[in-house]
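Visitor: I'm new to looking at protein models, and I'd like to go through this one with you. Could we take it a few residues at a time?
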Amino acid sequence: MTQPTGSPDAPRYGFVGLGVMGQPMALNLARAGTPLVVWNRTADRAEALRAAGARVAAGVEEVFARARVVFVMLLDEGVTDSVLGRGGPEFGKLVAGRVVVSMGSTAPEYARGLAADVHAAGGRFVEAPVSGSRKPAEAGQLVAMLGGDRDTVEEVRPLLAPMCRETVHCGGAGTGLLMKLAVNLYLNTTVAALAEAVHFAQRQDLDLETFRAVVESGQLGSGVTRVKVPMLAGHDFTVQAATSDAYASTRLIADAARAAGIATPLLDLSSDLYGESVRMGNGRLDMSSVLTALEARTDGTPETA
């Protein structure tokens, strides 16, 4: 019989990184009865998990000491390396005998290197980047793109169910992230195009509610338009997926494309716009703030350096 989550002797799973995406993902695990031990660099982000029954660790070492499978959802490659102590003696002590499930967005080459280091230290590795923003994360409706050896992926896959409506095994380490880059190329350019369409409609004095209704009634209606059109129309940039993250994503995609000799003209234009919005101070606002870069171009307002 499975012991209750609150039992100190219960087998536990770890979750490291409770940011905009990580916190709702971990909460879905805890609310589904998954016995969790969690840690975040900013301690107050863990309080919601404590209230949901998770154990809040004093440090990342405690998470790995108490958990056999550890989900890692950190900001970027540098933070991940720092938190895991990669390159130092503590790294091996953390990951030996553990399954590390990396859910953040990194370069595929980075994931392959991290996988090799985890395996060399006696651990196992699965990458599980997700498609979706904060609202799908809160609703447990993310899509995970898995990379790693099939046996370990199949071991991890059931654990993702409270967070993800779909899990897709894409191949070995690095392939899940390549798939996410392909998906994000579509997403990033789509949101930039949607912002441009709203900007066009607004400057032509069209009623934006009517614009929304027309879009939603046609083939282009989607979860993205249902969320983003009202945000764009109301200049509501409450973060669902941060502009700085969207910009970083475009740079990862561009780097992978250049390495393979692939042309990405729409991506490159979108990346310029996200970068302009970041430099205007919108980095931690929602990616729909790309609208402000379009407005600045129309109005001839220079971006903030």
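Visitor: Where does His199 sit?

Guide: His199 lies in helix α9, which covers residues 175-203; helices (H or I, at least four residues) and strands (E, at least two) are DSSP runs, numbered from the N terminus. Before we go on, this is a predicted model, in which local features need pLDDT of at least 70 and side-chain atom pairs count only at pLDDT 80 or more, while totals for chains, interfaces and linings use all residues. Residues are numbered from 1 along each chain as its sequence is written, and side-chain values use heavy atoms, with hydrogens and water left out.

Visitor: Okay, and is His199 buried or exposed?

Guide: His199 counts as buried because its relative accessibility is 7%, where buried means under 20% relative accessible area, exposed means over 50%, and partly exposed is in between (1.4 Å probe, protein chains only).

Visitor: Which residues is His199 in contact with, leaving aside its neighbours within four places in sequence?

Guide: With those neighbours set aside, His199 is in contact with Leu291, Leu294, Glu295 and Thr298, and contact here means heavy atoms within 4.5 Å. For Thr298 there is also a polar contact of 2.7 Å, which joins its side chain to that of His199. A polar contact is a pair of N or O atoms within 3.5 Å; within protein, one must be able to donate a hydrogen and the other to accept it, and residues adjacent in sequence count only if both atoms are side-chain atoms.

Visitor: What about Ser271, which helix is that in?

Guide: Ser271 belongs to helix α13, residues 265-282, and it counts as buried because its relative accessibility is 2%. Apart from neighbours within four places in sequence, Ser271 is in contact with Tyr247, Thr250 and Arg251. The side chains of Ser271 and Arg251 are joined by a polar contact of 2.8 Å.

Visitor: How far is Ser271 from Gly113, going by their C-alpha atoms?

Guide: Those two C-alpha atoms are separated by 26 Å, and the residues are 158 apart along the chain. Gly92 is in helix α5, residues 89-95, and counts as partly exposed because its relative accessibility is 25%.

Visitor: Let's switch to a loop. What does the side chain of Asn40 reach?

Guide: The side chain of Asn40 reaches the backbone nitrogen of Leu18 at 2.7 Å, and also the backbone oxygen of Thr42 at 2.8 Å. Asn40 is placed in the loop between β2 (36-39) and α2 (47-51), and it counts as buried because its relative accessibility is 13%. Beyond its neighbours within four places in sequence, Asn40 is in contact with Gly17, Leu18, Gly19 and Arg45.

Visitor: Now the cysteines: how many disulfides are there?

Guide: A search of the whole structure finds 0 disulfides, a disulfide being a pair of cysteine sulfur atoms within 2.5 Å.
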